[in-house]
Amino acid sequence: MKSKKARRVMVIIATFFLVTGIGLLLFPQVSNTYGKYVARNISDDFETRAEHPRKGSYSDAKKNGEVDGNGCLADGTQVVYDVDIKRLKEDSIKYNNMLKKHQWEKLTNSLSYEQPSLKLSEYGIFDGVYGYLEAPTIGMKLPIYLGTARNHLSYGAAHLTYTSLPIGGQDTNAVLAGHTGYVGRIFFDDIRNLQINDKINVRTYWSKMTYKVVSTKVIKPNEASDIYIQKGKDMIILMTCISNGNGGFDRYLVFCERK
């Protein structure tokens with residue numbers, strides 16, 4: 001009797017470890033597939049909102065009690081108002097113009113990069129999405145979040161604060177960062193497969209812009225000159241970590257330019 005119970009226990013234990021082992025093996029693939037699915041859905045949803053924004057002012061709606069502090073109607077529906085989107089564009093332009101004069105003074109504290117350049121909630125946008133990034137040749141489509149906070153890097157492309165906001169224009173250089181080798185989230189892993197002249201699309205509430213890859217480069221973490229604004233150019237830089245072969249990490253940059 002005892003031997004039968006012992007065998008039954010051993011079978012249960014063996015089954016547990018087998019299932020656990022299979023789960024651990026499958027987790028990265030399943031999590032990555034889910035992450036890509038979520039990222040693409042968020043990007044597609046942004047496209048819909050950008051095409052059909054709700055008319056009216058978020059500020060007025062909040063004042064009149066039509067929406068709560070999270071930008072939701074009484075039934076929980078979250079909304080975006082085009083009047084505040086218009087103000088967001090104006091403030092984005094102001095931000096970029098400020099950087100043309102003071103960028104080098106701002107790019108000094110790495111911790112400050114986690115803070116968003118603009119608080120989207122002040123404009124009636126509560127999911128944190130500023131736009132989306134697309135690289136068709138590597139099948140990448142990711143929402144763009146402001147600031148490099150951990151949750152932003154885990155769910156899409158994060159705009160590096162104190163670089164230009166990705167709205168285009170002369171004398172702009174927007175840096176978008178993403179994870180590489182992050183278990184369960186293969187977002188920027190394939191940017192090293194981008195080739196010269198490959199297209200990079202950026203969609204915001206106001207425009208659809210196409211850039212072309214012009215070069216790539218590996219830099220040290222304390223090097224910043226390559227992400228400065230380059231006079232007369234309209235640029236996007238994709239940035240991710242890459243092993244330096246000594247237990248540390250360098251930065252891999254993909255330079256994209258719009259002409």
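1. A residue is called buried here when its relative accessible area is under 20%, exposed when that area is over 50%, and partly exposed in between. The model is a predicted one, and the points below should be read with that in mind.

2. Leaving aside neighbours within four places in sequence, Glu 47 is in contact with Tyr 132, Arg 203 and Lys 208. Towards Tyr 132 there is a polar contact between the two side chains, at 2.6 Å.

3. Which residue forms a salt bridge with Glu 47, with the closest N and O atoms 3.4 Å apart? The partner is Lys 208, and the pair links distant parts of the chain, since Glu 47 lies in helix H1 (residues 2-51) and Lys 208 in strand E6 (residues 208-219), 161 residues apart. Lys 208 is exposed, at 58% relative accessibility, whereas Glu 47 is buried. Arg 203 belongs to this arrangement too, as Glu 47, Arg 203 and Lys 208 are linked in a network of salt bridges.

4. Lys 220 is partly exposed at 41% relative accessibility, while Asp 250, at 9%, is buried.

5. The other example is a salt bridge between Asp 84 and Arg 87, whose closest N and O atoms are 3.9 Å apart. That value can be set against the cut-off of 4 Å used for a salt bridge. Both residues lie in helix H3 (residues 82-106), three residues apart, which is about one turn of the helix. Asp 84 is buried, with a relative accessible area of 2%, and Arg 87 is partly exposed, with 29%.

6. How many strands close into the barrel, and in what order? There are eight, in the order E1-E2-E3-E4-E7-E8-E6-E5, and the pairing is mixed. From one strand to the next the twist averages 35 degrees. Strand E1 (residues 129-135) and strand E2 (residues 140-146) run antiparallel and are joined by six bridges. Within this pairing, Tyr 132 has Pro 143 in E2 as its bridge partner.

7. Ser 43, which is found in helix H1, is buried, with a relative accessible area of 0%. Apart from neighbours within four places in sequence, the contacts of Ser 43 are Tyr 132, Lys 141, Leu 142 and Pro 143. Ser 43 therefore touches both members of a bridge pair, as Tyr 132 and Pro 143 are bridge partners and are also in contact with this serine.

8. Ala 135, in strand E1, is buried at 0% relative accessibility. The C-alpha atoms of Ala 135 and Lys 199 are separated by 6.4 Å, although these residues are 64 residues apart along the chain. Not counting residues up to four places away in sequence, Ala 135 touches Met 140, Leu 194, Lys 199 and Ile 200.

9. The largest nonpolar core has 25 residues, and those with the most contacts inside it are Leu 133, Phe 188, Ile 191, Leu 194, Ile 200 and Leu 238. At least two residues of this core come from each of E1, E2, strand E4 (172-177), strand E5 (199-203), E6, E7 and E8. Leu 133 has contacts beyond four places in sequence that include Met 140, Ile 144, Ala 157, Leu 176, Phe 188, Ile 200 and Leu 238. Apart from this core lies another, of 18 residues, among them Ile 85, Val 129, Tyr 145 and Leu 165.

Notes. Residues numbered from 1 in each chain as written. Predicted model: local features only at pLDDT ≥ 70, side-chain atom pairs only at ≥ 80, totals over all residues. Heavy atoms only, no water. Salt bridge = Lys/Arg side-chain N within 4 Å of Asp/Glu carboxyl O. Helix = DSSP H or I, 4+ residues; strand = E, 2+ residues; numbered from the N terminus. Buried < 20%, exposed > 50% of the residue type's maximum accessible area, 1.4 Å probe, protein only. Contact = heavy atoms within 4.5 Å. Pairing = 2+ DSSP bridges. Axes fitted to C-alpha atoms, helices over the stretch in contact; angles between N-to-C directions. Polar contact = N/O pair within 3.5 Å; in protein donor to acceptor, adjacent residues only side chain to side chain. Core = buried A, V, L, I, M, F, W, Y, C linked by side-chain atoms within 4.5 Å.
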